[in-house]
Amino acid sequence: MQQCHDPFTLITADAPMSPASHGGRAKCLQRLVRLNLPVPTTVALSFQAVHRIASGEALDVEALMAPFEAGQLLCVRPSSEDPDWGGPGAVLNIGMNAARHAALSGEIGTAAADGLYLRFIQAYATQVARLDPDIFDEIDLSGPNALSAALEAYALEADAPFPEDPKVQLTGVLRSMARAWEGTTARLLRMAKGAPADAGLGLVVQAMVLGLGQGESGAGVLQLVDENSGTPLIRGRYLSQSQGRDALQAGRNALFLTRDPRGPSLEDKLPEAFADLVSHAQLMRRRLREEMEMEFTVHNGKVHVLDGVRLQRSARAAVRIAVDLARDGIIPREEALMRIDPRALNEMLHRQVDPAAKRDVIGEGVAASPGAAVGKIVFSAAEAQAAGARGEACILVRRETSPEDIRGMNAAAGVLTERGGVTSHAAVIARGLGLPCVVGANALRFQTRAQKLITRDGREFAAGDVITIDGSNGEVLSGEPKMVEATLDEGFQTLMAWADDCRDIGVRANADTPSDAKTARNFKAQGIGLCRTEHMFFDEDRLTVMREMIFADEAKDRKAALDRLLPMQRADFAELFDIMQGKPVCIRLFDPPLHEFLPSEREGMRQLAEALNLPLSRVERRIDALSEYNPMLGLRGVRLGVTVPEIYDMQVRAIFEATIDASTKGAAVVPEIMIPLVSAKREVELVKTRIDAVAAAVRTERGAEFDYLLGVMVETPRAALRAEDIAPHCDFFSFGTNDLTQMTYGLSRDDAGRFMSVYVQQGVFPEDPFHILDADGVGELLKLGAERGRRAQPGLTLSVCGEHGGSPESIAFCRKVGIDYVSCSPFRVPVARLAAAQLAIRDKIG
């Protein structure tokens, strides 16, 4: 048998090792040694050595054990490059045998020695010999004959006596842990946490400090902050006569660390040891530049530091910790910003399911809008509105949503759909509303007529049953688990202010309503980058007027209906301008096809006929005439502006009149008017001529001057390719990457979710292009459009207003091609602000 000759590295202050060769735990222990902390003798095995052990190479155990005293009990712990990747469980008390048991019985007592031996037998049986843990179920482990019974049970099940030789024991433990790491299950688990498939594992072999003895002995853990809030406090537990992390499972038997009215504490019992522990932890924080969880053992009153690991923490705590470390001068502000994953901010911005809560998962879909919501199932927008009026939380369940569902979405606590992807109608609107949403949950059977959801295991959930949707991970849960509320504390505000000092790209919000605009202001958006005006027409009082306009046969009749909408639109825009207080507001003119404002079911048609005093047959004929084979590529956007110009005339008049009104109250308003779905220069020329004419008329009628900016939404490939023709007529381009992605790929964003995961898994696409901007295809069009547009119009402002505007990866691309600002859903603004700051910092440090 070939022998493994990789040296075993005794951890000393100057031993050659790094997280990339020996793992994070080994490197951290070396840092603790450098701080002169009382760390027991420890030997580290490199990734390469562990891999060879897993491959079957023999181990020079004598060389490995040479640094330890004769008869020393040992423990083995995993040391992966990133602690979050996990690893096999630690094994304690290696070296226990009959001789060592007899010696320890005289030193610490028979009961304590029995406990050490029993612990090792159980761990060795399950983790090394791979025996079923239930072989010990019939043994009274606290009884006087427990040890002999356990040894007998092991021998019977393993068909061999328990190994007595410490070298054999250690070899078995090391080989078992090495092979467990390289197994398929372990590999898939760590890959799910972001580890590469070939991630290595190191192992550390450490001298045991027993934690059992005649004097005060035990083990515990200590940290200096609360892991949920980041608030400074000394926290942890200590358990007398224990080992490892027993104190965390000991319940009432464990001691508090600091003096506590609820029970005895280590500070009372061993004040000097407690003071040493706090001093060690504070030194670790200062010198390791991190909040750590310290694992320690007290043996006969003396403190030993066994391990220090980065404290697991919530997003809220991570922000507070990073800010406090920077304020204390331990790390620079830039590093504090770099330590926070931008997407983790979603946990702070939205209510979440408590990580410790039990989850009864009944279905899964696409995590479309973060946060968690609990409510009774309803199957229609009308039922959602009724529940909202009663003050009842509800989850709106639909096959897919349409603009008609917006009022129901506003009333619901969350939205669940059978179809759709991250840029489907439900997903986009939910993110704008800050509403938890799961789409594409096609593993559930949606029986909307019967008003039932049926799970794969046959359970039925009817209207009125309570479910929970988790829009952060795409899960649908039965019942109401424990929740964690959203928190935007002072630490969050400080971190965001630091981010704004560093970033070099603007961040605006997509906002369609006053509520959206207020949220955008609260999150410090630099303006509104996209206001979708069509969402303003779905209120009950406006929808009927809108339908009258659609049914009008003559231009004058259309204008008469639109004149009734004019004051409503003017009030909408005036309120937005007031809320934004002089910050830019970019208003997209009417975009969707007209059929979206008409009912699709016969009962709705009958009600419409009654409201308009028209024969049902005429309503049906009109709806049929407006139907299109592919409405998203049909009569919508600028095409409506050219063929039914009265709509845009009314909208720009409302914008200009609101501009004058708002400017008299405060800072001058310069509205940005955006023409959607442009493909040709002539479209812009025609619409611009009418807009300029309306502007001139309003100036004359009101006797007031105002400025405005005109731009186009670049969302067709042709607009990007012919940007040089279009740009001379524009002040800005806003790239609508949702539709640009659809048209470039020939994909429906509402249907792509059905097969997108398969495409990504099989490497057809590296990522869902509706989630992360496709730099090679869509990005190339964006780059060409930007370059050609600025070639013809050097001062052209460029932005991205699709949902990609809130994606950190997409923001990186936008910075490279010279985009001036991104615009995203209000609740994604903080994510974009932090991501933009991190990109600028990376560029600065190279």
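A nonpolar patch here joins side chains of Val, Leu, Ile, Met, Phe, Trp or Tyr within 5 Å, each residue having over 30% relative accessible area and no salt bridge (a side-chain nitrogen of Lys or Arg within 4 Å of a carboxyl oxygen of Asp or Glu). Accessible areas come from the Shrake-Rupley method with a 1.4 Å probe, and for residues only the protein chains shown count as cover.

Welcome to the tour! This is a predicted model, where local features need pLDDT of at least 70, side-chain atom pairs count only at pLDDT 80 or more, and totals for chains, interfaces and linings use all residues. Residues are numbered from 1 along each chain as its sequence is written, and side-chain values use heavy atoms, leaving out hydrogens and water.

Start by selecting Phe-755, Val-758, Tyr-759 and Val-764: together they form a nonpolar surface patch with about 300 Å² of accessible area. Phe-755 sits in the loop between helix H29 (737-745) and helix H30 (756-761); helices are DSSP runs of H or I with at least four residues, strands are runs of E with at least two, and both are numbered from the N terminus.

Next, pick Ser-217, in the loop between strand E5 (201-207) and strand E6 (218-225). Ser-217 is buried at 0% relative accessible area, where buried means under 20%, exposed over 50% and partly exposed in between.

How far is its sulfur from the closest cysteine sulfur? That distance, to Cys-586, is 8.8 Å, too far for a bond. A disulfide needs two cysteine sulfur atoms within 2.5 Å, and the count here is zero.

Notes:
Buried < 20%, exposed > 50% of the residue type's maximum accessible area, 1.4 Å probe, protein only. Patch = residues over 30% accessible without salt bridge, like charges linked within 9 Å, V, L, I, M, F, W, Y side chains within 5 Å.
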